[in-house]
Amino acid sequence: MPSPADPAPADRPAAAGAALAAPAPRNGAAAGEDRPAFATPPPVIPTPESFDLPEPLSYRIKNKLLGPPLTTDKLASERLGKIAALGVLSPDCISSSAYGTEEMLTQLVPFFGAAAFMLVVPVTLAILAVLFFVTLSYREVIAAYTKAGGSYVVARDNFGLRVAQIAAVALLIDYTVTVAVQCTAGTEALTSIVPSLTPYTLPITVGVILFMCYGNLRGIREGAKIFALPTYLFVVSLGITVVVGYARVATGTAAAPLHFHHGMVAFGHHSGLIEFAAILTLLKAFANGGSSLTGLEAISNGVASFRQPQARNARRTLVAMSCVLGFLVLGVTVLAHFSHATPYVDETPTVVAQVAGWVWGSTTAGKVVADLVVVFTMLILFTGGNTSFNGFPYLTSFVAQDAFLPRQLTRRGHRLAFSNGIIVLTIVALALVVGTDANLNSLVALYAIGVFTGFTMAGFGMVKHHRTLREPGWQWRQVINGFAGALSLAVVLIFLTVKFTQGAWLVAVAGPLLYLLLIRLNRQYRYEAALLEAGAAQACEAPILRRHAVIVMVERLDLATARAMQYARTLMPDELRAVHLVVDSRRAAYLEDRWTQLGLSRFPLDLVECPDRRLGRAALELAAQAVADGDTELTVLLPRRAYTSRWARILHDRTADRIVSALGRLAHVNATLVPFHVPKPPKARAQAAEARRRAEQEALEGRVAAEEAAGRKVSEKDQDKAAQGRPDRSVAGSPLAVGTVPIGSVTWRRRAKVAGRVSSVRVQPRAGVASVECVLTDDTGGILLVFQGRRRVPGIRPGTRLVAEGMVGQRDRRLAIVNPVYELVAEPEGEDDGGD
């Protein structure tokens, strides 16, 4: 026998008939009429925590995998000093010194042979010259754009949105290839230590990318200072290796050059430098070495994360990063010159591993130190790949906000990360890694084009910026940025020319196609906006039609139909009728008999023929007849039975959804689904599990509170878990909240001072006078704050924390304070400003 709380079975039409026949409840007067004042105080507005609302299985799984959700007010992050910022923002750039020299030698050795170790030094110096001018250029970018100065923002502000998409395309390609290159290079560093893992390079790289994706979906942020540790370990270890190597060369104690081993790249025998093939090879080496400059724009992208003065600290950090990069690239190149470290065909052991082994020797201690250098190299390479998981989603969100990418990319996910952008980046990076079989040389061919295109857009964009503003000293600044832009453009052209057949053709083809796709998406968004916004204000104020008719589509008489009929009556239409589309005459006859037997004749039931069984078409024709007079607004209600069980969903179709889609084509016809949730029978096991969860939550909250009261440190994980069951008390802890009372204990018609968080805001004219209404909530309830005669209250928006004081009255059946005295405690954190 079902309990009183259980819903009546669907096969009991008497219950459905009783629900249909019951008079519609009327709460107060009709819509638009003034209601009389309460004789008793209205209730406190309930908080969401006071309801026991079920969570879907997918959300519970997400909580298990990713952890509890983070609230938007946790977007604010701690500002970084110069030392911390150098470690946090530079892994992508500094880590490229681990493979830049090797990529140059992969081009030089097969052509020039031993002479390659002489030529690699001047090629490196040419690359460092480009580094010098690009660094000067980005110093100007940081000075002009003190929040975020990536090439996308510079191009957008100076050339407009359409031209800026060139920078967007370049950076999207750059971020994607960065993940593939850095993770592949990190895996090669790993296989340099453990050669037996070489056959598993591809699976390891794929696994690292998937792990990064999972970690970032959980909310790992670039600002986490833990990422500074691999950077400094790498810089210190490789820097000491370079210094010790120089010392050994200077004192004549350096070991003999390394010998040729099986698996190394074959040595060439060309000697002429003026041959076309030789020049082409030098340009290829220069292009490959240009990959060492990737990530140079990271400082300008993260200016907002620096401590004040932001611009000065960021510029100094940029110079320090460039100096470290230049020292390490040149140091590794010079040591490779003396040691004759030669790349291997299968790319392991790496040149850095060979150089470290040559410097530290073959003793046990030397091998340990050399292995540590390689381990730290692996860590910074993986860390450098992770920076793209922050930069790419932010860039896509900025481009999507400008309506050049799908709007879904602007949404923050479960843990405040741009989850859709992270997933897109993972898919494309995995495709690159799998498509190239995790071959670093093949990936580098796709790499520097996007990087230097961004440098080009930033340089030329700053030229336009200087010429427009003409600030003091703009002439020489213009020269610096212009030369850096021209130099970067030359590198792009060199790369496209000499690496075209080695994979650069893919970027040359994909880049323009991606640009055209962005322009096409923007055109579609602009068309939709123009179509939807034209005349919107006038349509809102347009005269309403004279009649309102409601049709309830009836398949069978059950509680779902009864709920739809009950809702139809609350609309108080001029005409209400039920309609059954006849597909099965016997079912129609049975429905007619039951309708009459239950005394529902006061609700007309129309049996409409549907001989071809096209329910959507029949409903469309029925609606068209109803609004044919031009004076009728029609609402069609369709009961929809929502089943909790996945098995039950398979057993039932979605006819109501298809009818709604068909009816949406007609003007003045409004199709509405009226859901009726058919719940699972309660299970003792589920109830016991919920009881255990609540008990564990209460125990955790108590333990965390005790630890905090004792002044002991509580882990961030425990704080997040405890916060799920504890409402926000940040306002109550504010000095402004002294003397406040919980909202749930305020007294009607008494003055009260309350503190809380604004959960919703409504702006509306009332009786011709504008007013702003907001709901202020704490853990005990909510209260309505009304600001009469105002269309906007500065600082009052969802998420604002404030203290309000005034006389407690009532408004719209809710406790309210009209025109309160208020003080802002904290405004909600906004999104990070643009950048790439």
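Start by selecting D402 and R156, whose side chains meet in a salt bridge with N and O 3.1 Å apart. A salt bridge here is a side-chain nitrogen of Lys or Arg within 4 Å of a carboxyl oxygen of Asp or Glu. This pair links distant parts of the chain, 246 residues apart: D402 sits in the loop between α15 (364–401) and α16 (419–435), while R156 belongs to helix α7 (residues 151–159). Helices (H or I, at least four residues) and strands (E, at least two) are DSSP runs, numbered from the N terminus.

Before moving on, note that this is a predicted model, in which local features need pLDDT of at least 70 and side-chain atom pairs count only at pLDDT 80 or more, while totals for chains, interfaces and linings use all residues. Residues are numbered from 1 along each chain as its sequence is written, and side-chain values use heavy atoms, leaving out hydrogens and water.

Is D402 buried or exposed? D402 counts as buried, at 18% relative accessibility; buried means under 20% relative accessible area, exposed over 50%, and partly exposed in between (1.4 Å probe, protein chains only). R156 is partly exposed at 23%.

Next, select E575 and R547 for another salt bridge, 3.1 Å from N to O. Here strand β2 (residues 575–582) holds E575 and strand β1 (residues 547–553) holds R547.

Now for the inside. Which residues touch the most other members of the largest nonpolar core? They are F234 and F452, in a core of 133 residues. Such a core is a set of buried Ala, Val, Leu, Ile, Met, Phe, Trp, Tyr and Cys residues joined through side-chain atoms within 4.5 Å. Show F452 and look for its contacts (heavy atoms within 4.5 Å), including V130, G290 and L293.

Then colour helix α20 (residues 504–533). Its 30 residues should span 44 Å at 1.5 Å a residue, and the end C-alpha atoms are 43 Å apart, which agrees; the expected span is 1.5 Å times one less than the number of residues. Among the buried residues of α20 are A504, V507 and G511. The buried residues of this helix pack against α8 (161–193), α18 (448–469) and α19 (474–498).

Finish at T777 in strand β7 (residues 769–778). T777 counts as buried, with 19% relative accessibility, and touches residues including I743, G756 and R757.

Conventions: Lists of a residue's contacts leave out its neighbours within four places in sequence.
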